[in-house]
Amino acid sequence: MKAVILAGGFATRLRPLSCTRPKLLFPICNRPLLDWTLERLAKSGVKQVVLAVNYMSEAFIQRYGNSTRGMRLFHSKEEEPLGTGGPIKNAEGLIGHEEPFLALNGDILTNFDHSELMKKHIEKGATATIALYRVEDPSRYGVAELTKENCVVRFVEKPPRKEAPSNLANAGIYVLDPEIFDYIPSGRQVSIEREVFPKLADEGKLYGHDFEGLWIDIGKPEGYLKANRLLLDTEIKKSRLGKSVRMESTVEIKDPTVVGDNVVIEEKSKVGPYAAIGERAILGKGVRVQNSIVFPGVIISDFTSVKGAIIGEDAIIGRRVKVGHGCMIGDHAVIQNNVTLARRVTVCPSRVVSKGVLAPGCLM
Ligand code: GDD
Ligand code: MG
């Protein structure tokens, strides 16, 4: 099996953290999301992966090179962003016309069985088969209306909630027949969801299969934190400590939590539940971290609390600071002593913050 992973896009909803890394390389339980995806693809029997990249493409080449987990890896680079359909057309030469292939939105964390979808695709002889996931509010997703035979009769991208034909969301996981290349114009931005799927639905060549299990789009801060929680619950379960972690005996680690290599945690700190502490982080005395993602190299000083927040690489958080729900602190930012960032405050990379902020906002 071959797979193409959509790995471009600017991830504006994850700024400022996405200013310095692409969305697929955001750590989840201390490993980039893409590592988890590649691991699943290898298990599903995929032998060749095309990474469709543009924004910060070098970061991917540096991390994965030309092969990983027994799979060959190709980097298909776009000069200009080509949307969600254009990159697939752009990779036509690498994918070839021999057999159906997988196409994946790269910002999804899932335990989906890709080989099952391939089987169903072949059974129906479809041009495209999409995985569907039942959601509460389908207005943030592509939505499909299915017949009993699993044929998609209507596909609408991000409809207003009242107009959604069902609550079956496009999970961003597809099997595509090489015939798909005839449906995607080349050399320009194409949305597969807005331009290609509705047409295939009209022609009766689009099929869908719903599934249950783990599935989440990490594209927004809430989704990113939730993905971390889901993975902690399902994969990590208890707590996992990296190599050379130095911890005082009075430290409490509450399950499930992951602590990376070379982390230092001083006395009476409480970490977890649902914390991911990146490698080389230093947590002072009486620190409290829960339901949060702390990137590598962060310093959190004495008596500070971090709850429901994301702290970027090498940020320095002072003493007696409070970082509350939905806050995102950019890489290398400095939050000075006694500052409270109450909720949904984002801080740009390298910014120094000396005063508290109680309402949601962005500190440039
Ligand atoms: N190569 C490349 N080039 N990749 C891109 C580009 C581009 O120009 N633009 C976006 N991508 C990648 C993103 O990195 C992401 O992995 C994927 O394409 C989907 O783009 P998003 O921007 O995350 O779309 P979305 O989340 O709003 O909606 C999509 O995903 C939903 C499921 O989470 C749609 O496919 C919806 O129909 C779907 O329900
Ligand atoms: Mg997305």
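**Exercise 1.** Which helix and strands each supply at least two residues of the lining of the largest cavity?

*Solution.* Before we start: this is a predicted model, where local features need pLDDT of at least 70, side-chain atom pairs count only at pLDDT 80 or more, and totals for chains, interfaces and linings use all residues. Residues are numbered from 1 along each chain as its sequence is written, chains are lettered from A and ligands numbered from 1 in the order in which they are written, and side-chain values use heavy atoms, leaving out hydrogens and water.

Step 1. Helices (H or I, at least four residues) and strands (E, at least two) are DSSP runs, numbered from the N terminus.

Step 2. Helix H1 (33–43) and strands S7 (101–105), S8 (108–110) and S12 (168–176) are the elements we want. Among the lining residues are Trp 36, Leu 104, Ile 108 and Gly 172.

**Exercise 2.** Locate oxygen atoms of ligand 1 beside Lys 158 and Glu 193.

*Solution.* Step 1. A polar side-chain atom of Lys 158 lies 2.8 Å from an oxygen atom of ligand 1.

Step 1. For Glu 193, a side-chain N or O atom is 2.5 Å from a ligand 1 oxygen atom.

Definitions and conventions:
On a 1 Å grid over the protein atoms alone, a cavity is a set of points where a 1.4 Å probe fits but cannot get out, and a pocket is an open set with protein on both sides within 12 Å along at least five of seven lines; lining residues have an atom within 4 Å of a point. A polar contact is a pair of N or O atoms within 3.5 Å; within protein, one must be able to donate a hydrogen and the other to accept it, and residues adjacent in sequence count only if both atoms are side-chain atoms.
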